[in-house]
Amino acid sequence: MQMPTARRARMPGVLLALALLTACGTSDGPASTSTTAVSTPVGDAPRTVVDGLDAPWSVAFHEGVALISERDTGRILELGADGRTREVTTVAGVEASGEGGLLGIAVHDGYLYAYYTAADENRVERFRIGGAPGGFTLARVEAILAGIPSAWNHNGGRIAFGPDGMLYVTTGDAGRRDDAQDRNSVAGKILRMTPEGKAPQDNPFPGSLVYSYGHRNPQGLAWAGDGTMYAAEFGQDTWDELNIIEPGKNYGWPQVEGIAGRSGFVDPVQQWDPDDASPSGIAIVGDTLFIANLRGERLRVVSTAHPDTAEERFTREFGRLRDVARAPDGSLWILTNNTDGRGRPADGDDRILRLRVGN
């Protein structure tokens, strides 16, 4: 266990300007994002919650307190009410290279779950959370899932607990394109498991963790109030995707990319040029879905009532956006990702921004 360290966040004296640009869909190719505007309940401009982070990847909440993963350092940080970050632990065994490292985290029933890249695999492990706010501890308990293929890129890495209490895990194809279509491989999939890592009896393929397949590099998971499951996915050269996930369905990669209209494959509800997207984390607040975009450097906003429509906010304002999360107070937290080797860090990057949403 590492000794705790503390850092002071710089809290700006003025709020950041809100970009009210509304996006139209790309006009090239079939059925891209609709030009129909979405009525979006976004409040004041975002403010910085904390800055000075090192390639943050995911945020989760325990007892109302934010826990943050840093991809390259392997650290789990606790964010105090005073704006200070405190190192809870550095996850042993993390091998950060390329897009791999300490990736998604989730909290459930007193455990923190972490997805990370090890020497020759990706793994999901869980840690018992001890202590109280301001002094949380993490004790490694067990591996939930090992042997997930890893590579320089396409590692997936988002984990989340669904409304059914099951753990969902996104995995990339790790450069093994054909594995995405192989239901005996865990690469290129969305997996569903019990909190202990077992295959639930009602999974679509008996005895298998595979929930959906034919994915290239999904990094966003969220559920609407009616239980509809959404996933955001990196395409290759043509289309990035927003998908509605159904159990046992095939989402096409590498046979198809984007909307293809081919029998046997599920088409995305939206697709975008990767230059305008590269979607990572997603979150739903009320009936609005928010998508963090890396290469596109914008927040995409989608009404779950009209999932084929979208608006764009903050285009090129804050750089690369890695994750969005619904905070306990109902606000939206946005993680920038400009210190990951591909961005252009501004003073104070990386940071978490807080955006008030809803009425």
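## Pockets, cores and backbone

The second largest pocket holds about 400 Å³ of space. The model is a predicted one.

User: How much space lies in the largest pocket, and how does its lining divide by class?

Analyst: The space in the largest pocket is about 620 Å³. Of its 26 lining residues, V59, A160, L221, A325 and R326 are the closest to the centre. By class, the lining has 20 nonpolar, three polar and three charged residues.

User: Which elements give two or more residues to the lining of the largest pocket?

Analyst: The largest pocket is lined by 26 residues, and the elements that give two or more of them are strands. They are strand 3 (56-62), strand 7, strand 11, strand 15 (218-223), strand 19 (279-285) and strand 23 (321-326).

User: How many cavities of 30 Å³ or more does the structure hold, and which residues line the largest?

Analyst: A probe the size of a water molecule, rolled over the atoms, shows where empty space is left. The structure holds one cavity of 30 Å³ or more, and about 50 Å³ of space lies in the largest cavity. Four nonpolar, two polar and four charged residues make up the lining of this cavity. They are G214, R216, E233, F234, G235, E241, Y251, W253, V256 and E257.

User: Which residues touch the most other members of the largest nonpolar core?

Analyst: The largest nonpolar core has 20 residues. At least two residues of this core come from each of strand 7 (102-108), strand 8 (111-117), strand 10 (137-148), strand 11 (159-161), strand 12 (167-170), strand 13 (189-193) and strand 14 (210-213). The members that touch the most others are V124, L167, V169 and M193.

User: What is M193 in contact with, leaving aside its neighbours within four places in sequence?

Analyst: M193 is one of the members of the largest nonpolar core that touch the most others. With those sequence neighbours left aside, its contacts are I144, L145, M166, L167, V169, K198, P200 and L209.

User: How many residues are in the other core that lies apart from the largest one?

Analyst: That core includes I76, V88, I105 and L138. The number of its residues is 17.

User: Is D109 buried or exposed?

Analyst: D109 lies in the loop between strand 7 and strand 8. Its phi is near 50 degrees, a positive value in a residue other than glycine. Because its relative accessibility is 63%, against a cut-off of over 50%, D109 counts as exposed.

User: Is E297 buried or exposed?

Analyst: E297 is in the loop between strand 20 (288-293) and strand 21 (298-303). It has a positive phi of about 50 degrees although it is not a glycine. Its relative accessibility is 6%, and the cut-off for buried is under 20%, so E297 counts as buried.

User: What is the omega of the cis peptide bond from D349 to D350?

Analyst: D350 is found in the loop between strand 24 (332-336) and strand 25 (352-355). The bond from D349 to D350 is cis, and its omega is near -5 degrees.

User: How far apart in space are I259 and V269, C-alpha to C-alpha?

Analyst: I259 is located in the loop between strand 17 (240-245) and strand 18 (270-272). At 21% relative accessibility, I259 counts as partly exposed. I259 and V269 are 10 residues apart in sequence, and their C-alpha to C-alpha separation in space is 8.2 Å.

Technical notes
Residues numbered from 1 in each chain as written. Predicted model: local features only at pLDDT ≥ 70, side-chain atom pairs only at ≥ 80, totals over all residues. Heavy atoms only, no water. Core = buried A, V, L, I, M, F, W, Y, C linked by side-chain atoms within 4.5 Å. Buried < 20%, exposed > 50% of the residue type's maximum accessible area, 1.4 Å probe, protein only. Helix = DSSP H or I, 4+ residues; strand = E, 2+ residues; numbered from the N terminus. Contact = heavy atoms within 4.5 Å. 1 Å grid on protein atoms, 1.4 Å probe; cavity = no way out; pocket = protein on both sides within 12 Å on 5 of 7 lines; lining within 4 Å. Points joined across faces, edges and corners; volume = space filled by probe spheres on them. Nonpolar A, V, L, I, M, F, W, Y, C, P; charged D, E, K, R; others polar.
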